[in-house]
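Subject: Structure for you to look at

Hi,

Here is the structure I promised to pass on.

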Amino acid sequence: MADKATTMEDKATITKKLAAEKALEYIRDGMVLGLGTGSTAYWAIRGVGERVRKGLKIKAVATSLQSDSLAREEGIEMLDFSEIDHIDLTIDGADEVDEKLNLIKGGGGALLREKIVAAATGYYIIIVDESKLVPCLGKFPLPVEVAPFGWEMTRRRLESLGCTTQLRMGPDKSVFLSDNGHYILDCSFGKIVDPARLHDQVNGIVGVMENGLFIDMANLVLVGKKDGSTGEIRREK
């Protein structure tokens, strides 16, 4: 059983690396990059670092403290968000991608920063393995970042939209805190048939900082496949 689990994990890593390596082809000298968060974005950051050591000249901002730390270890010149007025290209992962390239993100807890970076980005690339492609969002619980003060009231109002919620806990069994010092409620809605409407309903609740629905933001989704190929899905203009 252990060998089988290890093999499945290795295959998942390979497909993630395939998508990440394809995304690196879109990077050009002089760009300001947005570096995402998560297990797939990890491989993109490693790949950018390798190219920087070979002479690529870029600067970057990160969507999390974890990614910022990794990027600095890789020798990538990092900027504070206050130092920029645009981002040329961002490479990030997703927890789910539907047929219209709407996304659920936030499994790693960085959804607010990820959305701020995405909104400032000229070209937004999502990298995933093929297991993340779904006909309809909602199998993965929707992360919602909320203010700690009054979070119980915020939770009740979220549940009034028709979901069950789970307060995210950290590995040490204490409440998980985002890089922004907020709580995250993982909200199970079932099938999300109208992501744009739900996005607005959730963000209309006082106490919600941001939610993990990324609507009409991805320009390109790169998909690492088990057969060793990489698929491309572009947003229709």
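One term before I start: a nonpolar core here is a set of buried Ala, Val, Leu, Ile, Met, Phe, Trp, Tyr and Cys residues joined through side-chain atoms within 4.5 Å. Please also keep in mind that this is a predicted model.

With that in hand, the largest nonpolar core has 26 residues. Those with the most contacts inside it are Ile27, Leu33, Leu35, Val48, Ile58, Ile76 and Ile127. Two or more residues each come from helix H1 (2-23), E1, H2, strand E2 (59-62), helix H3 (65-73), E4, E7 and strand E13 (220-224). H2 gives the largest share, four residues.

Now the sheets. Seven strands make an open sheet with mixed pairing, and the order is E3-E2-E1-E4-E7-E13-E14. Strand E3 (77-78) and strand E14 (230-234) are at the edges; each has a single partner strand, so one side of each has no neighbour in the sheet.

Further in, E1 (residues 32-35) pairs with E4 (residues 87-92) in the parallel sense over three bridges. Leucine 33 has leucine 89 in E4 as its bridge partner, and leucine 35 stands opposite isoleucine 91. On to the next pair: E4 and E7 are parallel too, over five bridges, with leucine 89 opposite tyrosine 123 in E7. How enclosed is E4? Largely, because five of its six residues are buried. Helix H2 (residues 39-53) lies across E1, E4 and strand E7 (121-129), and runs at about 120° to E7.

The other open sheet to look at has three strands in the order E5-E6-E12, with antiparallel pairing. Its edge strands, each pairing on one side only, are strand E5 (96-97) and strand E12 (213-214). Strand E6 (residues 103-104) and E12 pair over two bridges, and leucine 103 stands opposite phenylalanine 214 in E12.

For cysteine 136, the nearest cysteine sulfur belongs to cysteine 163 and is 15 Å away. Cysteine 136 counts as partly exposed, at 24% relative accessibility. For cysteine 163, the nearest cysteine sulfur is that of cysteine 187, at 4.3 Å. Cysteine 163 is buried, with a relative accessible area of 7%.

Last stop: aspartate 186, in strand E10 (residues 183-188). Is aspartate 186 buried or exposed? Buried, with a relative accessible area of 15%. Its side chain makes a polar contact of 2.7 Å with the side chain of arginine 168. Apart from neighbours within four places in sequence, aspartate 186 is in contact with Pro141, Leu142, Pro143, Thr164, Thr165, Gln166 and Arg168.

Cheers

Terms used:
Residues numbered from 1 in each chain as written. Predicted model: local features only at pLDDT ≥ 70, side-chain atom pairs only at ≥ 80, totals over all residues. Heavy atoms only, no water. Pairing = 2+ DSSP bridges. Contact = heavy atoms within 4.5 Å. Axes fitted to C-alpha atoms, helices over the stretch in contact; angles between N-to-C directions. Buried < 20%, exposed > 50% of the residue type's maximum accessible area, 1.4 Å probe, protein only. Disulfide = S-S within 2.5 Å. Polar contact = N/O pair within 3.5 Å; in protein donor to acceptor, adjacent residues only side chain to side chain.
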